[in-house]
Amino acid sequence: MSNTETRPAEMRCGALEDEVPAAGVEVLTARDVPLGGPRAMTVRRTLPQRARTLIGAWCFADHYGPDDVAASGGMDVAPHPHIGLQTVSWLFSGEIEHRDSLGTHAFVRPGELNLMTGGFGIAHSEVSTPDTTVLHGVQLWVALPEEHRDTGRDFQHHAPAPVAFDGGTARVFLGSLAGDASPVSTFTPLLGAELTLVPGGTATLDVDPAFEHGVLVDSGDVRVEGAVVRPAELGYVAPGRATLTLTNESAAPARLILLGGPPFPEEIIMWWNFIGRSHDEIVRAREDWMKGDRFGEVHGYDGAPLPAPELPNTPLKPRRRAR
């Protein structure tokens, strides 16, 4: 899903970040965010936040479910815009219908990647299907670098096969890990994978030492290089490691999302569903959406597009990057 908060706070990537603890792993807790409406879905957001705003080009991470759709109403996100980013949709259970202004009509299913490129501007809708009883997954954003942030609209789909490693299995949806590589193209080097660890198992994986990594735990208690990361928490590991050791301290299988990429060198501003470089750019994108041009139309959704919220009274500004 997207950031459909009706009163979104400014989200500034490239912000001043706290020092990583001496152990080398920073454990980030999530905040609960309701996504609009009287029967709003609540997601657990670990990126962005004050302590850590970027992991490589990954700049947004929402983790939701398992939600009983009969109680929550499921997902129904009307057409809304994006600029300057790619959206990464990954489910553990349930099914979501995706439509966009490129003309794509696709479904998000467990174990299958849908990656949408916003670039200069795209609009899309997301609705859980009638057969969905439990909705559970993650929604991630990737910031586009300066030279590609106005690229054209695009949509890619990939269903990675599980690959075994000592201590578990992986589904690699972006980048490469455990001897497998995703064919999906990105604009910066990235790693994205779902890992399942056997009960009590330890896995040591070869990783790119130029990457920083994030371990978002869905189930189980996972020890990441000595620090325990619990469900809905995200463990941050700084660059410099050629291996990453993960231990499942639970009596049941543990599941996590592993993210990675080289530190993103640019300062960017996030507001609502836009990623830009200046306040004026965000203002123009909002105006373009409200006027009905630039982003195209989403056909097949039964309802009106989402209106953009009001901008804050103070200019949006990026903070300086951590050293």
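This is a predicted model: local features need pLDDT of at least 70, side-chain atom pairs count only at pLDDT 80 or more; totals for chains, interfaces and linings use all residues.
Q: Why are β3 and β13 called edge strands?
A: The open sheet has seven strands in the order β3-β4-β5-β12-β7-β10-β13, with antiparallel pairing. Within it, β3 (31-34) and β13 (154-158) each pair on one side only, and pairing requires at least two bridges between two strands. From one strand to the next, the twist averages 20°.

Q: How do you know that Leu113 touches Phe173 and Val184?
A: Contact means heavy atoms within 4.5 Å, and by that criterion, with residues up to four places away in sequence not counted, Leu113 touches Val88, Ser89, Trp90, Gln156, His157, His158, Phe173, Leu174 and Val184.

Q: Why is the set of 34 residues that includes Leu113 called a nonpolar core?
A: The name applies because the members of such a set are buried residues of nonpolar types, joined through side-chain atoms within 4.5 Å. Of the 34 residues in this largest core, Trp58, Val88, Leu113, Phe173, Leu174, Ile257 and Ile275 touch the most other members. Several strands each supply at least two residues, among them β5 (58-68), β7 (85-93) and β10 (113-117), while β12 gives the largest share, five residues. Apart from this core lies another, of 26 residues, including Phe165, Leu191, Leu195 and Ala254.

Q: What makes Ile268, Ile269, Met270 and Trp271 buried, and which way do they point from β26?
A: Buried means under 20% relative accessible area, and all four residues are in that class, with Ile268 and Met270 pointing one way from β26 and Ile269 and Trp271 the other way.

Q: How do you know that β26 and β27 pair?
A: Against a requirement of at least two bridges, β26 and β27 (residues 274-276) have three, in the antiparallel sense, and Phe274 in β27 is the bridge partner of Trp271. The two strands form a hairpin with two residues between them, and in the turn Trp272 has a positive phi of about 50°.

Key. Residues are numbered from 1 along each chain as its sequence is written. Side-chain values use heavy atoms; hydrogens and water are left out. Buried means under 20% relative accessible area, exposed over 50%, partly exposed in between (1.4 Å probe, protein chains only). Axes are lines fitted to C-alpha atoms, for helices over the stretch in contact, and angles run from 0 to 180 degrees between N-to-C directions.
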